[in-house]
Amino acid sequence: MKKEIICIVCPNSCRLTVSEQNGEIIVSGHECRRGLEHGISEYRDPRRMLTSTVAIDGGTLPRLPVISTAEIPRDKLRGCLEALYMVRVRAPVKGGDLIVEDICGTGVDIVASRSMSRTDDPQNDKEASG
Amino acid sequence: MKRLDLDLVVIGGGPAGLAAALKAKELGAEKVLLLERNTELGGILQQCIHDGFGIHRFNKRLSGNQYAQLFIDEVERMDIAVKLDTMVLEITADKKVYACNKHEGMLEINSKALILAMGCRERTASQVLIHGERPAGVLTAGAVQRYINMEGYLPGSKAVILGSGDIGLIMARRMTLEGLSVQGVYEVMPDPGGLTRNLVQCLDDFGIPLHLSTTVTAVHGRKRVEAVTVAQVNEAMSPVAGTERQVECDLLVLAVGLIPENELSRAAGVEMDPRTGGPLLDENFMTSIPGIFAAGNVAVVFDLVDHVSQSGEIAAAGAVDYLAGKPKGVESYRPVRAGENVSFVVPQRLNRECGLTTFFLRVKKPEKVAALSCYTGQKQIFKKRRRYLAPPEMLTFTANASGAKGITVALEKEASRR
Ligand SMILES: Cc1cc2nc3c(=O)[nH]c(=O)nc-3n(C[C@H](O)[C@H](O)[C@H](O)COP(=O)(O)OP(=O)(O)OC[C@H]3O[C@@H](n4cnc5c(N)ncnc54)[C@H](O)[C@@H]3O)c2cc1C
């Protein structure tokens, strides 16, 4: 089976052609190694990064943005999102803090993508020195 | 009124301002102050929770927040002075800054150099001439993004998106993931406005239809949007009679372009370029007023944050040179001309001794392959083959452009070669 895939690794958007010959996946049209890898994985097992938000208590904002530490199989994204809706964390949080370990058995962690201090942190209201 | 004296004031704490302040400090500028009207640093990036930032700079696909956090942590580590919740109200040609905040009231800041990094804002409904009622539920994409990603509100349940630029596409996916049903993305132009990767990842992945050469002609509903009328347009961009149909929705999302936020710059007398909507710039991103520099989306709407940060660093290096009294014959500017298939080039003019200069440009129309070329007079100083060119993807290159003659940047169709 031959598949036309538009590479989404970078804005170059290479047009890849992927096919399988004698059990081997053959990619053409890529301009870099990452494009080659993308062609193979998009053909075999499409994956996407997961970015969303979770509820946070006591933070300067009501939502904390989170991101997966690696790509997740595309058909598991829904389930992972449902799981994230159940999560509630407390401020303060540092960017990179673990929010959910091994989400839905994918082997991928979900981490905070920013730091967030507490609303009552005096630092928030500091008169920065000029 | 409180008075302050500084060497360099950076206005705006988004990625452009953050990179500019950091670079200036790193290059030895001493009295640097970053002013931000918001209660936190990061600019638009704090509402961009999706990944895709930093591909060129860090060779990674960070989320907007992660990208911002790297710079914010660095600003803290370098102990750069920041005033948050501080709105700049006016700047003057002699580099005075008037600002205010709730702790200090009015501030008058005398600075030797300024970097403008105020970003841009979105076009609204009245600017795209949508007629009809004025119900609730007509929002810009950035407002929807902020509601969903930062405030935790869902501003509707059934959405129509006008505009297929990256922001519209990103929001189509985001709203779908949050349970809104996205009826479709409508684009007045015959080609999609966003990057291919976003068309693939944001629309195709979720089966959201894209309707090209189609626009929203009316909004219906008294209190709340109930439906919109869409119609196909002809080559002259006017709606074609008989193609109108109603699409039910309670949210119309406008993703119809960005406008550099240059009210402060204009009032100070900074000369503008009508093509970019930003100031006329030289190789150091210095404006027509010596000592006033611009960086990021206030200078020209970049699409990649990597380029935004880079422009901040160019402006910072220029400002540090300026502070050290190294002006480069401002009178001898040579124009940079947009040649074949180029809609604009930044910087728009160069000093004779500009040296290695980074250029940013957009093509006019899509092209499979062309030679990105740069000339001073007749002499070619840069040539590189570029593929899959399209207006949404800004191009950049660096070349030594010193010389006496004017500069031309062009995308030349290659003569067919064997
Ligand atoms: C929806 C969306 C999706 C995007 N997706 C991507 C992507 O996938 N990849 C990518 O690389 N880029 C992306 N971008 C682009 C990137 O986010 C922007 O190019 C970048 O944030 C612009 O940086 P900036 O510093 O110029 O402006 P901004 O981030 O807008 O920062 C300007 C700052 O100046 C402050 N300010 C303005 N006026 C004043 C004043 N008078 N006084 C004090 N402060 C002031 C503002 O509060 C703001 O914090 C996206 C942008 C949007 C909106």
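A salt bridge here is a side-chain nitrogen of Lys or Arg within 4 Å of a carboxyl oxygen of Asp or Glu. The model is predicted, so local features need pLDDT of at least 70, side-chain atom pairs count only at pLDDT 80 or more, and totals for chains, interfaces and linings use all residues. Residues are numbered from 1 along each chain as its sequence is written, chains are lettered from A in the order in which they are written, and side-chain values use heavy atoms, with hydrogens and water left out.

**Exercise 1.** Work out which parts of chain B the salt bridge between B:Arg57 and B:Glu313 links.

*Solution.* 
- Start with the distance: N to O comes to 2.5 Å for this side-chain pair.
- B:Arg57 sits in the loop between strands S3 (51-53) and S4 (62-63), while B:Glu313 belongs to helix H7 (residues 305-323). (Helices, H or I with at least four residues, and strands, E with at least two, are DSSP runs numbered from the N terminus.)
- The two are 256 residues apart, so this pair links distant parts of the chain.
- (Buried means under 20%, exposed over 50%, partly exposed in between, with a 1.4 Å probe and protein chains only.)

**Exercise 2.** Now take B:Glu248 and B:Lys158: how far apart are their closest N and O atoms?

*Solution.* 
- The closest N and O atoms of this salt bridge are 3.6 Å apart.
- B:Glu248 is in strand S17 (residues 245-248) and B:Lys158 in strand S12 (residues 158-162), so the bridge ties together parts 90 residues apart in sequence.
- B:Glu248 is exposed at 55% relative accessibility, whereas B:Lys158 is partly exposed at 29%.

**Exercise 3.** Compare the radius of gyration of chain A with that of a compact globule of 130 residues.

*Solution.* 
- The rule is 2.2 Å times the number of residues to the power 0.38, with the radius taken over C-alpha atoms.
- For the fold, chain A has two helices and 10 strands, in the order β-β-β-α-β-β-β-β-α-β-β-β.
- Buried residues account for 45% of its 130 residues.
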